Amino acid sequence: MALHFQSLAELEVLCTHLYIGTDLTQRIEAEKALLELIDSPECLSKCQLLLEQGTTSYAQLLAATCLSKLVSRVSPLPVEQRMDIRNYILNYVASQPKLAPFVIQALIQVIAKITKLGWFEVQKDQFVFREVIADVKKFLQGTVEHCIIGAIILSELTQEMNLIDYSRPSAKHRKIATSFCDTSLKDILVLACSLLKEVLAKPLNLQDQCQQNLVMQVLKLVLNCLNFDFIGSSADESADDLCTVQIPTTWRTIFLEPETLDLFFNLYHSLPPLLSQLGLSDPGNYHEFCRFLARLKTNYQLGELVTVKEYPEVIRLIANFTIASLQHWEFAPNSVHYLLTLWQRMVASVPFVRSTEPHLLDTYAPEITKTFITSRLESVAIVVRDHLDDPLDDTATVFQQLEQLCTVSRCEYEKTCALLVQLFDQNAQNYQKLLHSASGITVDITIQEGRLAWLVYLVGTVVGGRLTYTSTDEHDAMDGELSCRVFQLISLMDTRLPRCSNEKIEFAVLWFLDQFRKTYVGDQLQRTSKVYARMSEVLGITDDSHVLETFMTKIVTNLKYWGRCEPVISRTLQFLNDLSVGYILLKKLVKIDAVKFMLKNHTSEHFPFLGISESYSLSASRCRTTFYTALTRLLMVDLGEDEDEFENFMLPLTVAFETVLQIFNNNFKQEDVKRMLIGLARDLRGIAFALNTKTSYTMLFDWIYPTYLPILQNAVERWYGEPACTTPILKLMAELMQNRSQRLNFDVSSPNGILLFREVSKMVCTYGNQILSLGSLSKDQIYPMKLKGISICYSALKSALCGNYVSFGIFKLYGDNHFDNVLQAFVKMLLSVSHSDLLQYRKLSQAYYPLLECLTQDHMNFIINLEPPVLMYVLTSVSQGLTTFDTVVSSSCCTSLDYIVTYLFKHIAKEGKKPLRCREATQAGQRLFHFMQQNPDVLQQMMSVLMNTIVFEDCRNQWSVSRPLLGLILLNEKYFSELRASLINSQPLPKQEILAQCFRNLMEGVEQNLSIKNRDRFTQNLSVFRRDVAEALRSDGHTEQCSLDMMN
């Protein structure tokens, strides 16, 4: 839709397409037209036309949307124009209070944005955008509709002030939010409370929709005031430890007045159910009440709670409430987490209580455990028969709840154990009867299997609880009783494979095995543990070695028979991986026949998940990496330098590669080849990850080079546009480049390091050149199709540059262009990525910035010789990276900047003395010097960012920030003086001298050089400077004066 601006009718058609149109093409065109309208000089006049003459609410919404984008621009409109827009909207909504609610909301958001962004704008010694609060009071004196609008304005303004815009400096947001809090927020809260008091005092007709709406909006306003981020933490609201509202000290009197709290309780009882939300039968109220109960233990020790007179009655009521909640398992399941958190923390505190008062947990904790167990078993039949969502399918929630229950369940463990034994025996017998019954009904079997799954989970939970609670030998014997039953069930279920299987029981079994491993197998094992007494009688399992045999038998069984079920295979392999970590367990595992079988027979014939059938998804083969990591750890135990043993282990992979080579040469079954290569790349990555010695890694390198690496190279060249294929191969190469445990430090006579780098260089160059041919990609495709591969390439390159196993000078010396080629590929790929994407995609930023750090540290000549636009791109990326919250990125940016600044400073210091031998280095330094002279704002901007971070923000990497800052100050002393003066002059007169002294102390004893000693001195001074400035700027009623954002 070309925009020629357009009559009112045309604009209304645009609104229709944008907001209620069903044609996607028309909507996209309408969005483009909207962007054109915002950039048009006629934008304001068109918005006015839509508001005054528009025939639909969508016309007014379009006007509000345009105005919102217009006033939010980084380059703001003139102050007068913004004041006119604000006043116009206030008058507009005052004259038309019955507009559609979404239109009023959108227009008020424009007022809120203008007010926030212009909070510190001054005209004639007045803050011109703070009058909005006085304007709102006029609304509150009008009709009910006007009162509603006034409440919405204050509510939206409070919310907007609390909202962080990550496209703007966070320091500026904190200054505005703090000033708003200090100057206005308390008044808004008092005003809202007075309105609520009027509601109670007058007999309002709450059946009237309008008056009901007024009460809702005022309550929302109070909530927004209390939800304000007073301390600038932006804490995650879901965190359990967020237990207090950090209100300012000046608000203390409001909350200490009894009528404040009474007001809200009185309102709760007076308002009709629609507004007071039906008490705890409302899921929202119920959830918050559960969170409130969880915070009892966060704020008070159990020893303090038991001394309170009402404690016995309160703990009884909480126990009854918890039991009722657990019985209603289908109601607000996410809220149970908080109740279990409370009981977990209470029970965990029992050993530390010194008070003589009874804590009564030994009475209530077993009841809660019992209710959890019985309610979960009873839920199975309802879920199956009514076809409800099965709680067992949400394994994340199940695991979370069981981990909390494990502590509670060990309190008065005898009762819990007796209950579980009884229920397990009863359900196992019923299950066996159903299996042997000719008329076994499928539904009944499904119910019984669901109940057994819960029981296995619960046995695993109570066994795992041994590590969280004081245990005795008798408790260990009880664990043995329960564990016997699960091991017997495992045998029963495995005999029915592959004909009959139950995924839920398998997950439960793997949970149990893992809990048993953590508790009774490995370093923490007590050989005399009573757990094995009963197990040796019933199962012949006498110690942890026998248990490991059972574990491995189960693992091999699962890998054989569950090949088509990726979740079970994945969990089984994770369990195998956990077993293979730790030398003591590995020594025991390699003696087991099942392990010897796996090491000699890791083929698809024995383990179907290693196959390449089209029925297997490509993503399912990801778990192959875990399998081969664990397997290679087992191989390494006795491998030593036995190359024949290694060759035998690699034989299945050798056969697979030879097959691929033949198919490549004959050009058929390309899809099969692709699947085989994906599997091989994942297998090899698992093997490479586990090879942490030079000897074993060299065996792998000799196996893969030069025979098989070209095949992978060929695959990347051929299928560069298919990330399912390229990603595993690139990840393999990145793993091969990792010099973990110095495994790549080859012998001095070996060229392997250089040969390996040349192969990676070829692959990165091939991939980089090919991927750029894809052209522009949509937003949802750009990461999987392009940026993910680039991030892996950068990660591989960083490992090579920092690995210290390649002398890069040798490439230039012998005319080898592999190093230059890969650096050029790096630049080409970088320039194809926007700055916003660099920071938006975390894996990309965490690969690019550490790579840039390596380049600036060891390859400054490459950086200096970049074309000016490329160098500007790199420096801009550093400048933007300095402001991120990711400390990995910001620290890398600081280090890269430090290397660049240090190089430039040393060049300028040497400029006076130019010996002939330094001519080339001098020319390179001169090139950088000229670039900085032509673009002085680059380093100045970065100095502003760093000073801003130190003075105004929560600087988590102060040491990293201090290193480049000294060089920047020494290179730009004039600009530093301007920054210092601007900050000092923005303060009230009493503070100016304090700040001036802070700046003098900052440079005290600091010399005009960048020696390590001088840097350390500056870093120490900076730490003191930051503390002193923070104290000087601390709020004392003049916060609005501390507004200067150095980045302006």
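Tutor: In this predicted model, the largest nonpolar core has 264 residues, and the members that touch the most others are Phe-516 and Phe-627. Helix 21 (residues 442-464) gives this core its largest share, 12 residues. Beyond its neighbours within four places in sequence, Phe-516 is in contact with Val-463, Ser-483, Val-521, Val-531, Tyr-532, Met-535, Val-547 and Phe-551. There is also a second, separate core of 85 residues, with Cys-43, Ala-64, Leu-99 and Ala-112 among them. In soluble globular proteins, nonpolar side chains tend to be buried together.

We may now turn to a pair of helices. The axes of helix 4 (residues 57-71) and helix 6 (residues 101-117) lie 9 Å apart, and the two helices pack at an angle of about 15 degrees. Because angles under 35 degrees count as roughly parallel, helix 4 is roughly parallel to helix 6. Their crossing is left-handed. From helix 4, the residues that meet helix 6 include Leu-61, Ala-64, Leu-67 and Val-71; on the side of helix 6, the residues include Val-103, Val-110, Lys-113 and Leu-117. By type, the residues of this contact comprise 12 nonpolar, 3 polar and 1 charged.

Finally, consider helix 33 (residues 709-718), whose buried residues are Leu-709, Ile-711, Leu-712, Gln-713, Ala-715 and Val-716. These buried residues are covered by elements including helix 30 (643-666), helix 31 (670-690), helix 32 (694-704), helix 34 (723-736) and helix 35 (752-771).

Note on methods: Residues numbered from 1 in each chain as written. Predicted model: local features only at pLDDT ≥ 70, side-chain atom pairs only at ≥ 80, totals over all residues. Heavy atoms only, no water. Core = buried A, V, L, I, M, F, W, Y, C linked by side-chain atoms within 4.5 Å. Buried < 20%, exposed > 50% of the residue type's maximum accessible area, 1.4 Å probe, protein only. Helix = DSSP H or I, 4+ residues; strand = E, 2+ residues; numbered from the N terminus. Contact = heavy atoms within 4.5 Å. Axes fitted to C-alpha atoms, helices over the stretch in contact; angles between N-to-C directions. Parallel < 35°, antiparallel > 145°, perpendicular 65-115°, else oblique. Left-handed = near helix turned anticlockwise from the far one by under 90°. Nonpolar A, V, L, I, M, F, W, Y, C, P; charged D, E, K, R; others polar.
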